[in-house]
Amino acid sequence: MNLRSQFPILNTQVHGHPLVYLDNAATTQKPLRVIEALDSYYRTLNSNIHRGAHHLAAEATERYEDVRRQVQSFINARHSHEIVFTRGTTESINLVASSFSKRYFTGDDEVIVSGMEHHSDIVPWQLTGATLRPIPFSDEGVLDLEAYERLFSPKTRIVAVNHVSNTLGTVNPVVDIVRIAHAHGVPVLIDGAQSVSHLKVDVQAIGCDFYCFSGHKMYGPMGVGIMYGREELLNELPPYQGGGEMIENVTFERTTYNQLPFKFEAGTPSVGDVIGLGEAVNFMQEVGVDNIAAHEDDLLRFATDGLSRIPGARIFGTAPHKTTVLSFLIGDAHPYDVGTLLDQLGIAVRTGHHCTQPIMDRYGIPGTVRASFAVYNTREEVETFLAALERIMPMLQ
Ligand code: PMP
């Protein structure tokens, strides 16, 4: 699958070596069509949306709302007004945590999360004052669904879990997680930051109540994300932020709110980034999400096989159903040293706790080295990465 020419940044040289970019779980690179959409927006279309009477405002509004419909169909939401544009997954989860807790929390509340959540799906819930009940997971990185069932209590208000773990790569059984929660009358938020770029996501088939993700992890621009919520629930929730656009009528005594989705989109949104995101969705649909997944799974298997043969390598996250993330340690070497030495050879990986400190505590390690793959990576790059690991081994003793 030769898509590399569409990604200009992949031609970069790093310390005299061709860049091998394996930090895709942090952010993916952008194809030309996304870069050009941003450029073209600011050259020819820039205007504030929804309120201007003039041509540019009308055109920008139309393009912005087109992307909302595009995202609706991409994740198979029932209505386009169930798609709310935010700054990213973090803001989407903060929005839900803030509004949902104001509406439904009583002061003695529990939130079930998984033990492998990103800090973005832990801290917003802690800010509500709720007690978190984490679902334990096995050494392989598989959630214990029986233990999950036992966590429900009359105080459980919501379940919030990731679809794919950014540290272990586990694809969590979200359909089962939702079914069990709904049997207890509890809604579910899915953190989809790591899944939308790798799996076909169908929010109606999953049955979740909220689904949150970021544009920049799916070949789109930074600064834009999505909060999908079921219409009935969104109508129940109070606004998250106050300001322009989210209102229907304002007086000093009383304000009434706009309809969905505008109730949750206060102020000027990042219009150009939303339009760029539309191009990212076009890119993914043209390549085909199934093709992307198959290619990345092949790279993951190939890299896992190669890494397993390196003496002293320990892989974290070996669930049978996993995708695109390879977390590991080499002997007693500090992950930061491994990352720095790989960088000297042009290879970009991430090191540290990956915003998942509870996972590190679970394994009793300070962090891992994480390689993560995208559609433009190749087997040759994986070979370069494995050869580089062999090469730096003597420096790690
Ligand atoms: N959840 C998961 C699983 C993630 O991997 C990330 C990004 N590392 C986030 C949430 C937060 O995403 P963002 O920084 O784009 O808001």
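1. Let's start with the interface: domain 1 and domain 2 bury about 3,100 Å² between them, and 57% of this lies on carbon and sulfur atoms. Buried area here is the accessible area (1.4 Å probe) that two parts lose on being put together, summed over both. On the domain 1 side, K30, V289 and R362 lose the most area to domain 2, together 19% of what that side buries.

2. A word on the model before going on. This is a predicted model, in which local features need pLDDT of at least 70 and side-chain atom pairs count only at pLDDT 80 or more, while totals for chains, interfaces and linings use all residues. Residues are numbered from 1 along each chain as its sequence is written, and side-chain values use heavy atoms, with hydrogens and water left out.

3. Now the two domains themselves. Domain 1 is made of residues 4-30 + 288-396, and domain 2 covers 34-286; such bounds come from an automatic or database domain assignment. Their centres, taken over C-alpha atoms, are 28 Å apart. Across the boundary, 41 residues of domain 1 are in contact with 39 residues of domain 2, where contact means heavy atoms within 4.5 Å.

4. For polar links between the domains, the count is 28 residue pairs in polar contact, both residues at pLDDT 80 or more. A polar contact is a pair of N or O atoms within 3.5 Å; within protein, one must be able to donate a hydrogen and the other to accept it, and residues adjacent in sequence count only if both atoms are side-chain atoms. The elements giving two or more residues to the domain 1 side are α10 (289-308), β14 (325-330) and α12 (357-363). Of these, α12 provides the largest share, six residues. Helices (H or I, at least four residues) and strands (E, at least two) are DSSP runs, numbered from the N terminus.

5. The term means a side-chain nitrogen of Lys or Arg within 4 Å of a carboxyl oxygen of Asp or Glu. By this rule there are 20 salt bridges, and the count between domain 1 and domain 2 is two. D290 and K200 form a salt bridge through their side chains, at 3.4 Å from N to O. Another salt bridge pairs R157 with D109 at 2.6 Å, N to O. That pair links distant parts of the chain, 48 residues apart: R157 sits in strand β7 (residues 156-162), and D109 in the loop between α3 (89-104) and β5 (110-114).

6. Residues around the ligand include T89, H118, N166, D191 and K217; a residue counts as near if one of its heavy atoms lies within 4 Å of the molecule. A polar side-chain atom of T90 comes 2.6 Å from a ligand oxygen atom. For Q194, a side-chain N or O atom is 2.7 Å from an oxygen atom of the ligand, and S214 places a polar side-chain atom 2.7 Å from a ligand oxygen atom.

7. Finally, two backbone details. Most residues other than glycine have a negative phi, and most peptide bonds are trans. A cis peptide bond joins L260 and P261, with omega about 0 degrees, and P261 lies in the loop between β12 (255-257) and α9 (271-287). N76 has a positive phi, near 55 degrees, and belongs to the loop between α2 (55-74) and β4 (83-86).
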